[in-house]
Amino acid sequence: MSAIPTYAAQVPEAGLRAALSRSRPEIISEIAASGLKGRGGAGFPTSVKWNFAAAAQAERKFIICNADEGEPGTFKDRVILMEHPDLVLEGMTIAGRAVGAREGILFLRGEYNYLRGDLERVLARRREQRLLGRDILGSGLSFDIRIFMGAGAYICGEETALIECLEGFRGEPRNRPPFPVDTGYLGFPSVVNNVETLAWAACILGNGGPWFRAMGTEKSTGRKLFSVSGDCGKPGVYEFPLGITVAQLLQEVDGAQAKAVQIGGAAGQCVSARDFGRTLAFEDIPTGGSVIVFGPGRDMLAVLHNFLEFFTDESCGQCAPCRLGNPKLLEGVEQLQAGCCSMANLKELCALGKTMQIASKCGLGQSSPNAFLSVVTQFREEIMGRMS
Amino acid sequence: MLMTERERCAAEIRALADRLGHDRPSLVPILVEVKRKYHRIDSYAMQVIGDLLGIHPVEVHSVVSFYAFLGDRHQGRFVIRLCRTISCAMQGKDRVMRQLENDLGIRFGETTADGGFTLEWANCMGMCDQGPALLVNDRIFTRVTPEQVHEILEECRRVFGVHAAEAKEVHLS
């Protein structure tokens, strides 16, 4: 498994020390200079998020680290938390300094409970080293972090659902606006960042924004971790500059024979072999880092069936397009598998998928039809007229 | 439930609330601990929790029924969660499932009659490069093969008493 190579070269806490010696706007402008975008997949500019929270006037503010890594095929955050927890906690502390928050919450998914003990020990050590708590490194900054365990819900990776869970409610996404940077946890301004985003923020403060911007593409700066699994010789976590083509990535992971690749997890899109020249970047194929490789023998309908079972199970049930649409698409896949789906029916299902993309309340329902739509358009010869 | 058991249960939940907080944001942490200790969250526990936090028991139930790790069904001491998401599925989770069902004599979603084991599905648990993966309570097993299933279950049976005693001390002091 590859780690963040820049970390080994980095002086521990260099980012934090740099942040402590600078004013809040300077920290945020350093992040802005790097062009860092959210590594969870949505790609929202981190500096803009921090700026909103910094500008908000409130008694309390929160930095929330989203470690509810639930997207199928994603495991990079687990590796970061296991191998470089300090970098994440340092990133949270820097964010706290930048927006004027004194409380941090690490939202760890229930499935990762086995990481908690180690993380608590790292937190305790950091408090001893005066990297957390009151008067960090004698700078006057106070910031502390606690761990909150999730209870097994994919939807809690959505930031407003995550906040609902923190507040003791069902993990049902809220309407946005207001955004969490304005009205977040307990109604206070809250920054919710992905684990990897915070780790990169710490690296950027240590090395400077231009260092980060020099990598990647114009619109997708920097490097990114990718979780690679499926039919390839070398699955694991990889670090590549953004803008890498699918073909290049497959070469690296020993999966060049693939017939398709699912980018961005179950909520992402399926890319068939003829599009392997496309790039992994926010301007082309956006991704949170999940890459699932499908070899020549894979039945794409079986893949689709698995994804739609997942969404049917994980839909929070709050809005109708998602609650009713996903089982309907699943039913359609079963009809295709049984070889009893007419073209008229398939077109209806595609129309339903597009309706869900528009009408669902949150990212889950808006993106769950992606895989269905991309598979039924790109693998039509494989899925129609099956003999069951 | 015996009245004495109820009283003990209520006292333990009260101690939990004293430690974790009496406000609504403490709800999920309290529920996680109760589930760990009792292997279920029954309606009595929900009433006690609702009372302590100043919310209606129905509110507690709405949260309990939402999360996969909570739920009011009784579970075994060892909850085995097998990942069913795509990467683990492509690496042979079906055969592991079959062997778990064969060795325990129950289907997924069920609990053994002795209260020892529960079989449950899990959605992606972040071990996609090392599947099939399963969790036994908080312990992760990767690259599980059907023939390893027996040894995993035997290991649980060996630590049965120790494990139960540990859980009591650690979580509800």
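# Close-up views of a predicted two-chain model

**View 1. Two facing isoleucines in the parallel sheet of chain A.** A:Ile64 stands opposite A:Ile105, a residue of strand 2 of chain A. This is a predicted model, so please read every value here as computed from it. The strands to look for are strand 1 of chain A, residues 62–67, and strand 2 of chain A, residues 103–108, which pair in the parallel sense over 6 bridges.

View 2

**View 3. A second sheet in chain A, with mixed pairing.** Here 5 strands of chain A form an open sheet in the order 6-5-9-7-8, and the pairing is mixed. Strand 6 (236–241) and strand 8 (269–272) of chain A are the edge strands; each has a single partner strand, so one side of each is left without a neighbour in the sheet. The twist in this sheet averages 30 degrees from one strand to the next. For an antiparallel pair, look at strand 7 (residues 260–263) and strand 9 (residues 290–294) of chain A, which are joined over 4 bridges. One residue pair to pick out is A:Ile263 with its bridge partner A:Val291 in strand 9 of chain A.

**View 4. Helix 3 and helix 4 of chain A, side by side.** Helix 3 of chain A covers residues 24–34 and helix 4 of chain A covers residues 46–55; their axes come within 8 Å and cross at roughly 160 degrees. Helix 3 and helix 4 of chain A are therefore roughly antiparallel to each other. Their crossing is left-handed. From helix 3 of chain A, the contact uses A:Arg24, A:Ile28, A:Ile31 and A:Ala32. Across from these, helix 4 of chain A brings A:Thr46, A:Ser47, A:Trp50, A:Asn51 and A:Ala54. How do the residues of this contact divide? There are 5 nonpolar, 3 polar and 1 charged.

**View 5. A helix pair in chain B.** Helix 1 (residues 3–20) and helix 3 (residues 43–53) of chain B pack at an angle of about 40 degrees, and their axes are 10 Å apart. That angle makes helix 1 of chain B oblique to helix 3 of chain B. The crossing of helix 1 of chain B with helix 3 of chain B is right-handed. On the helix 1 side of chain B you will find B:Arg6, B:Cys9, B:Ala10, B:Ile13, B:Arg14 and B:Ala17. They meet B:Tyr44, B:Ala45, B:Val48, B:Ile49 and B:Leu52 in helix 3 of chain B. The residues of this contact comprise 9 nonpolar, no polar and 2 charged.

**View 6. Where chain A touches chain B.** The contact between the chains takes 38 residues from chain A and 31 residues from chain B. On the chain A side, the elements giving two or more residues are helix 7 (113–128), helix 8 (159–166), strand 5 (223–230) and helix 12 (300–314). Which element of chain A gives the most? Helix 12 of chain A does, with 6 residues. The chain A side of the contact divides into 17 nonpolar, 13 polar and 8 charged residues.

**View 7. Each chain as a whole, for orientation.** Chain A has 16 helices and 9 strands. Its C-alpha atoms fill a box of roughly 70 × 45 × 35 Å along the principal axes. Chain A has a radius of gyration of 21 Å, which agrees with the value near 21 Å for a compact globule of 388 residues. Chain B comes to 8 helices and 4 strands, in the pattern α-α-α-α-β-α-α-β-β-β-α-α along the sequence. The radius of gyration of chain B is 17 Å, close to the 16 Å from the globule rule for 173 residues, so chain B is as compact as a globular protein of that length. The C-alpha trace of chain B spans about 50 × 30 × 25 Å along its principal axes.

Technical notes:
Residues numbered from 1 in each chain as written. Chains lettered and ligands numbered in written order. Predicted model: local features only at pLDDT ≥ 70, side-chain atom pairs only at ≥ 80, totals over all residues. Pairing = 2+ DSSP bridges. Axes fitted to C-alpha atoms, helices over the stretch in contact; angles between N-to-C directions. Parallel < 35°, antiparallel > 145°, perpendicular 65-115°, else oblique. Left-handed = near helix turned anticlockwise from the far one by under 90°. Contact = placed C-beta atoms within 7 Å. Nonpolar A, V, L, I, M, F, W, Y, C, P; charged D, E, K, R; others polar. Rg over C-alpha atoms; globule rule 2.2 N^0.38 Å.
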